[in-house]
Amino acid sequence: MGPHIVVLAKMVPDPEGPPSSFEVKTAEKRVVARGIPPVINPFDENALEAAIRIKERLGGTITLLSAGKNLSRAVILKAVASGADASVLLEDDSLDQALLDSRKTAALLAAALRTLDPFDLVLCGRQASDTNAGVVGLGVAELLGLPAVTLAQRVEVSDGKVVVERVLSDGYEVVECPLPALVTVSGEIGDLRYPSLQAIRAAKELPQRVLRPDDLGVDLPPSWVETVSLEPPRRERRCRLVEADSPAEAGEKLALLLREERVI
Amino acid sequence: MGGANGKVAVIAEMEEVGRPSRITLELLGLGRRLASPRGEVWAVVLGSGVKEACGELASRGADRVFYLDHPSLSPYNPEAWTRVLKPFLRERGEGVVLAGHTPLGQDLLPRLAFSLEAGVVTDCVGVRADEEGLLFTKPVYGGNALAGVRVTTPLALATVRSRVGEALPPTHTGEEPVPLPLDPPGETRVLVRERHRLEAAECPLEEARVVVSGGRGMGGEEGFEVLRELARTLGGAVGASRPPVDSGWAPTTCQVGITGKVVAPDLYIAVAISGSSQHLSGMADSGKIVAVNRDPEAYIFQVSDYGVVGDWREVLPAFLTKVRELVSE
Ligand SMILES: Cc1cc2nc3c(=O)[nH]c(=O)nc-3n(C[C@H](O)[C@H](O)[C@H](O)COP(=O)(O)OP(=O)(O)OC[C@H]3O[C@@H](n4cnc5c(N)ncnc54)[C@H](O)[C@@H]3O)c2cc1C
Ligand SMILES: Nc1ncnc2c1ncn2[C@@H]1O[C@H](COP(=O)(O)O)[C@@H](O)[C@H]1O
């Protein structure tokens, strides 16, 4: 029998949305996304793709686990249709992104994982695009006592262990550990495949469980960190545009301008 | 509240055997700033052949250097390192632990945080001490906002990007390095099997004073040949936004941005790059920024000092010719 893989997938406002769609509410210390749809955090999509590739070789099942408030069923459905077998949604108004930090999120996800069928591998994203933290995965592993490997650009399962190519700044290393284990996945693994319309239709019939934090009997631990301010980045500069009659002339003038200003 | 309390510990990383990496020296400089004047900066260095590095760590700002020289600690093994550092930091109990926001720091500090029940802030672009303790700043929402964060536990852990701290000139001299105990090394579940280094670039991106980067609009590998030529002429390095890396026009090690490298050269030339928040996160602190883009509305122009609106295929050859002429004068 193939492995049971759980993919931790977070819903976030589309990080590729234009900067103007992220309104920074300084007083409330929160970011409100405007006019952009929710998506699965891109690195979690990479994790799902890694899971599907393992399943293609070895069989087994994939469960998608997502925690949050008002999770978009359409977004979950599309992700599941790409190749998962079931989804578990941990959903509650109290699971507002603004109120959850890495510690609370890890505690919730670890508790939810304990209620699932025994799993061999947990895959998650290297970091969520909103928190930009890269903490939750390692937290879940620590809380569940699982060995963990981060920053995977390739994940393979064989003989009761997982073998990972881990991204380094000047290359990669090959790391392995016994199952069950947790691996955080990086973008190098490749994009999540698109599901066919037929697969999306079929995915509607796949099992979906909705859990509430109360069902898990976890007392959320207090936060270790506190956000005390939130500001838009200050990056704008006054740009001197080079005017010229032709692009080639503009290129030449740019060089002269940079020399004049002692930049080159 | 999680503050320095004058106690700073820096997790050292080695560039090569016996030589601390640049980020390590920067963190020692940052540590001095956070701890001074009465505080103490410690450096902790684990690995094999690390004893040789202790002298340099001491001369670059560490008051005390703790080391453990053992083959089981090299290359970095998360479980072996955690086993040594957990009791060491538990005993310290307070203050701040700094590591680079590198593959090692990103892996190690969250683990230590959960096993020590201490707050961690990753990817810091600023750390400063004030009356209330330490204030960490970090990008969130793909760089569309900057959060100011405080840690509420007595011990605080933080991974810090390059160029946040400044390395000190070699002056300080500290005490003799102190060996740490190895409470039997034992087996680890995680095993590091092999290591593959990509061919080193002619000029490493993070050290370069000039970076010439290309984006999706370069259209292919040939475009990057032109950028390489320009970089060579200016004595700089080639960077890229993410799409060229995803498409294989440029090696992964070239990526600049929130999930790539963070650079702050004197001059950053962005060619056919639109200026996404994720890209800006990795280069917005550069000295001067030049943009070449055919779309006058491209956001990159709003964050640049100089710009040319036009197709790079027409602009760059003339630019390169003129630059060659000017730099050879
Ligand atoms: C989680 C996450 C992490 C990410 N991390 C990073 C990261 O670290 N680094 C990064 O860069 N991106 C990152 N991205 C991607 C980022 O969101 C953008 O998609 C990316 O930066 C866009 O790259 P670009 O500007 O090259 O491409 P585009 O946005 O497509 O812009 C191309 C530009 O080229 C111009 N152009 C086209 N042809 C020509 C021509 N012939 N001459 C002149 N100009 C031309 C166009 O006008 C356009 O402005 C990340 C995304 C996510 C979701
Ligand atoms: N609310 C959530 N639901 C499901 N998975 C999550 C959630 N929050 C975080 N994760 C997982 O943990 C990873 C790291 O998150 P973070 O530590 O916030 O950067 C993400 O890429 C997800 O895989």
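The notes below cover the model, the ligand sites and the cavity.

## Basis

This is a predicted model, in which local features need pLDDT of at least 70, side-chain atom pairs count only at pLDDT 80 or more, and totals for chains, interfaces and linings use all residues. Residues are numbered from 1 along each chain as its sequence is written, chains are lettered from A and ligands numbered from 1 in the order written, and side-chain values use heavy atoms, without hydrogens and water.

## Ligand 1

Residues from chains A and B surround ligand 1, so the site is shared between chains. There are 28 residues around it, and Glu16(A), Arg216(B), Ser241(B), Thr259(B) and Ser274(B) come nearest (a residue is near if one of its heavy atoms lies within 4 Å). The shell holds nine nonpolar, 13 polar and six charged residues. Here Ala, Val, Leu, Ile, Met, Phe, Trp, Tyr, Cys and Pro count as nonpolar, Asp, Glu, Lys and Arg as charged, and the others, Gly among them, as polar. α1 (42–58) of chain A and α6 (242–246) and α7 (277–280) of chain B each supply at least two shell residues (helices are DSSP runs of H or I, at least four residues; strands are runs of E, at least two; both are numbered from the N terminus).

A polar side-chain atom of Glu16(A) lies 2.6 Å from a ligand 1 oxygen. The side chain of Gln255(B) places an N or O atom 2.9 Å from an oxygen of ligand 1. Trp312(B) uses a backbone N or O atom, 3.0 Å from a ligand nitrogen. On its own, ligand 1 has 980 Å² of accessible area, and the protein covers 89% of that (Shrake-Rupley method, 1.4 Å probe).

## Ligand 2

Around ligand 2 there are 19 residues, with Asp44(A), Ala128(A), Thr131(A), Gly134(A) and Val135(A) nearest. Ten are nonpolar, seven polar and two charged.

Thr131(A) has a polar side-chain atom 2.7 Å from a ligand 2 oxygen. A polar backbone atom of Val135(A) is 2.7 Å from an oxygen of ligand 2.

## Cavity

One cavity of 30 Å³ or more is found in the whole structure. A cavity is a set of points on a 1 Å grid over the protein atoms alone where a 1.4 Å probe fits but cannot get out; lining residues have an atom within 4 Å of a point. The largest cavity holds about 40 Å³, a volume being the space filled by probe spheres set on the points, which are joined across faces, edges and corners.

Its lining includes Arg166(A), Glu173(A), Asp107(B) and Arg111(B). β9(A) contributes the most, three residues. The lining divides into six nonpolar, one polar and four charged residues.

Terms used:
On a 1 Å grid over the protein atoms alone, a cavity is a set of points where a 1.4 Å probe fits but cannot get out, and a pocket is an open set with protein on both sides within 12 Å along at least five of seven lines; lining residues have an atom within 4 Å of a point. A polar contact is a pair of N or O atoms within 3.5 Å; within protein, one must be able to donate a hydrogen and the other to accept it, and residues adjacent in sequence count only if both atoms are side-chain atoms.
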